[in-house]
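Dear colleague,

Please find below the structure that I am handing over to you. A summary of the findings follows it.

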Amino acid sequence: MTVTRKDALLLVILLVGRLSAQVDITSPGDVLRGVPNDGDWPGAEAPDLAIDNSVETKYLHFKGATQATGFRLTPSAGLTAVTGLTFTTANDAEERDPVAFELYGSNVGIDGPYTLIASGEIADFAQATPWPRYTMNTSPITFANSIPYGHYQLLFTRVRNPARANSMQIAEVELLGRPGGE
């Protein structure tokens with residue numbers, strides 16, 4: 001079989017695209033715990049609903065207006081170098097939308113210890129005009145990380161309007177990376 005220069009170039013493009021492609025490494029059913037893991041959420045708005053692949057549900061934590069809240073996750077995808085995030089707004093109350101995050105990784109266990117990977121603002125959610133309901137951020141949230149972790153902690157450190165909010169809420173979260181740390 002003869003491989004042409006064009007065929008070789010196409011193969012390189014496909015391989016580079018595969019290596020750089022990020023996928024959502026979270027799945028419904030992944031081991032997940034609220035942070036703080038105190039049950040301070042409605043029964044129908046528990047932490048695991050942040051990764052259930054449905055914008056019709058949400059995770060709401062009542063302490064989110066006064067302290068960092070979020071979740072710890074052990075993805076069934078296994079060791080993964082997470083290099084991006086997406087967030088989707090929930091159904092109501094834009095004052096509860098998170099506007100800042102911190103992402104940590106651990107290879108010890110779901111209870112840590114954790115190492116900070118990235119932190120920053122959720123630019124779309126922090127604009128002067130509230131981000132539309134049931135809508136994923138469009139401004140990319142990406143960062144350098146070459147270390148594959150087996151456990152992650154995602155904290156929302158600020159909500160849009162803590163003076164008016166009684167909680168933090170998020171419909172959907174995706175941790176983006178390459179499973180196996182490829």
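**The sheet around strand 6**

Strand 6 and strand 9 (residues 151–159) run antiparallel and are joined by eight bridges. Strands here are DSSP runs (E) of at least two residues, numbered from the N terminus, and two strands count as paired if DSSP finds at least two bridges between them.

Please note that this is a predicted model, in which local features need pLDDT of at least 70 and side-chain atom pairs count only at pLDDT 80 or more, while totals for chains, interfaces and linings use all residues. Residues are numbered from 1 along each chain as its sequence is written, and side-chain values use heavy atoms, with hydrogens and water left out.

Strand 6 (residues 98–106) is also joined to strand 7 by six bridges, and these two strands again run antiparallel. Two residues of strand 6 illustrate the arrangement. Glu102 stands opposite Leu155 in strand 9 and opposite Ser119 in strand 7. Ala100 has Glu121 of strand 7 as its bridge partner.

Eight of the nine residues of strand 6 are buried (under 20% relative accessible area; exposed is over 50%, partly exposed in between; 1.4 Å probe, protein chains only), so this strand is largely enclosed by the rest of the structure.

These strands belong to an open sheet of five, in the order 2-4-9-6-7, with antiparallel pairing. Strand 2 and strand 7 (115–121) are the edge strands, each pairing on one side only. From one strand to the next, the twist averages 15°; axes are lines fitted to C-alpha atoms, for helices over the stretch in contact, and angles run from 0 to 180 degrees between N-to-C directions.

**Aromatic pairs**

How many aromatic pairs does a search of the whole structure find? The search finds four. Rings of Phe, Tyr and Trp (its six-membered ring) pair if their centres lie within 6.5 Å; planes under 30 degrees apart count as stacked, over 60 as edge-to-face and the rest as tilted.

The pair of Trp41 and Tyr59 is edge-to-face, because the ring centres are 6.1 Å apart and the planes stand at 75°. This pair links distant parts of the chain: Trp41 lies in the loop between strand 2 (31–35) and strand 3 (59–61), and Tyr59, 18 residues apart from it, lies in strand 3. Trp41 is buried, with a relative accessible area of 17%, and Tyr59 is buried at 0%.

Tyr149 and Tyr152 form an edge-to-face pair, at 6.0 Å centre to centre and 85° between the planes. Both Tyr149 and Tyr152 are buried. Finally, Phe87, Phe101 and Phe156 form one aromatic cluster.

Yours sincerely

Key: Helix = DSSP H or I, 4+ residues; strand = E, 2+ residues; numbered from the N terminus.
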